[in-house]
Amino acid sequence: MLRIPLKKARPGMILARHIYNSNGKVLLTAGIQLEEHYIKRLKALGISSIYIHDKYTDGIEFIEAISEETRLRAESTVVKVFQETRENRKLNVKAIYSTTEHIINEILKNKNALVNLAEVRAYDNYTFAHSVNVCVLSVITGASLGFNKAQLRDLGIGALLHDIGKTQIDPALLNKVEPLNDHEFEAIKKHPHAGFEILRQAPEISLLSAHVAFQHHERLDGSGYPRGLKGKEIHPYAMITAVADIYDALVSDRPYRLGIPPHQALDTIAHQAERTLDPEIVAAFTKNIAPYPVTTPVQLNTGEIGIVVDVNKNYRHRPVVRVIFDPELKELPKFREVDLSKNKDLYIAKVLTPEEFPIVSESSPQVRREDPFAELRPAENKVVKDSLV
Ligand SMILES: [Fe+2]
């Protein structure tokens, strides 16, 4: 399976992963053959990339930090909790606890897995998918720092609901695509405090979780908001969530732009660790993320081109690569796999963009199904975008 920008999608390609709408409902099922009008609709929904089957990545398997079922359940909990909060109803603490508990248990079970790949979502559920990702990444980092279950729970709940204060901000402002003026940015900057107020009023939620919402935009050097806290004034849970928040925003596709690849996002974060983020927390975060996740197209120092097919936690920069093309881009008669952790003369010289990797999609006869977008029509204009704050 390969991730390709939607503009490279062609009728006949086979979708390799489900595509979901904002309520966690499957819009397009994995295995379906793309047709021109599906591609058009995906474009209209703001989806920037998709996964397709191709002959080069056949048989690749990888473990994800949490199962698809847990991820979808978590997303729908976040959707509901945000909705209820906006309508001024009580926080559904039971659902929040059980969702976080599921996530923690799965992460503790898969402790040795590297975080591999980003989900492909319609951008109207960015806030919800992002909230779950930030929770997952934060819990993984906390587990790696040796936190116990109670600590992971407070961290996980805070991370899952770090942006709940956005429910108190005018959606028109959150959805604005044009640059914000000072006045508008000041209004957005109120969401950490609003989130703190919502969470601290729920007696079953730890004050520490509420502080995660309050402090997730604070930065080590005092340049953050809302209070300009510095250094140790920022709680480690909030700093972990800040790192996860920045990372996920960088790698996620947003309306009309693709996310940046993980190795670049990790570089950006490492750079920030010098001034605005806690270097120890960044180190704990980084060691759990695959800089070259499974299915990344890469060029080796020999000029040969291939795809990452397995990652190794002890040698994160030296994954297993399936070599497919020679330096002249001629397909090899037989693909071979090289484990870069064992072949020290070889290394990844470059991560290829989808434009640079020759995609040959696999197509097979598929049963045509009813228009998968039919049920989506009434809600299609209900797009809730998110700003990068
Ligand atoms: Fe935020």
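This is a predicted model: local features need pLDDT of at least 70, side-chain atom pairs count only at pLDDT 80 or more; totals for chains, interfaces and linings use all residues.
The protein chain holds 12 helices and 9 strands. Of its 389 residues, 42% count as buried.

The largest nonpolar core comprises 76 residues. Ile 107, Val 136, Val 139 and Val 243 have the most contacts inside this core. Among the elements, helix H4 (residues 126-144) gives the most to the core, contributing 11 residues. A second core is separate and has 19 residues. Ala 9, Met 13, Ile 19 and Leu 45 are included in this second core.

Helix packing was examined for one pair. Two packed helices are described by the angle between their axes and the distance between the axes. The axes of helix H3 (residues 93-109) and helix H5 (residues 149-160) come within 9 Å. They cross at roughly 115°, and the crossing is right-handed. On the H3 side, the contact is made by Ile 96, Thr 100, Ile 103 and Ile 104. Helix H5 supplies Lys 149, Leu 152, Arg 153, Gly 156, Ile 157 and Leu 160. By type, the contact residues of H3 with H5 divide into 6 nonpolar, 2 polar and 2 charged.

Strands of a sheet pair through backbone hydrogen bonds, either parallel or antiparallel. Strand E7 (residues 320-325) runs antiparallel to E8 and is joined to E8 by 5 bridges. Within this pair, Val 320 stands opposite Asp 339 of E8.

Backbone geometry was then considered. Most residues other than glycine have a negative phi, and most peptide bonds are trans. The peptide bond from Tyr 225 to Pro 226 is cis, with omega near 5°. Pro 226 lies in the loop between helix H9 (207-215) and helix H10 (236-251).

Positive phi values occur at Thr 295 and at Leu 329. For Thr 295, phi is about 85°, although this residue is not a glycine. Thr 295 is found in the loop between helix H12 (279-286) and strand E5 (297-300). Thr 295 counts as buried because it has 20 C-beta neighbours inside 10 Å. Leu 329, likewise a residue other than glycine, has phi near 70°. Its place is in the loop between E7 and E8. Leu 329 has 13 other C-beta atoms within 10 Å, so it is partly exposed.

Note on methods: Residues are numbered from 1 along each chain as its sequence is written. Two strands pair if DSSP finds at least two bridges between them. Helices (H or I, at least four residues) and strands (E, at least two) are DSSP runs, numbered from the N terminus. Axes are lines fitted to C-alpha atoms, for helices over the stretch in contact, and angles run from 0 to 180 degrees between N-to-C directions. A crossing is left-handed if the near helix is turned anticlockwise from the far one by less than a right angle, and right-handed if clockwise. Two residues are in contact if their C-beta atoms, placed from the backbone, lie within 7 Å. Ala, Val, Leu, Ile, Met, Phe, Trp, Tyr, Cys and Pro count as nonpolar, Asp, Glu, Lys and Arg as charged, and the others, Gly among them, as polar. A residue is buried if 20 or more other C-beta atoms lie within 10 Å of its own, exposed if 12 or fewer, and partly exposed in between; C-beta atoms are placed from the backbone. A nonpolar core is a set of buried Ala, Val, Leu, Ile, Met, Phe, Trp, Tyr and Cys residues joined through C-beta atoms within 7 Å.
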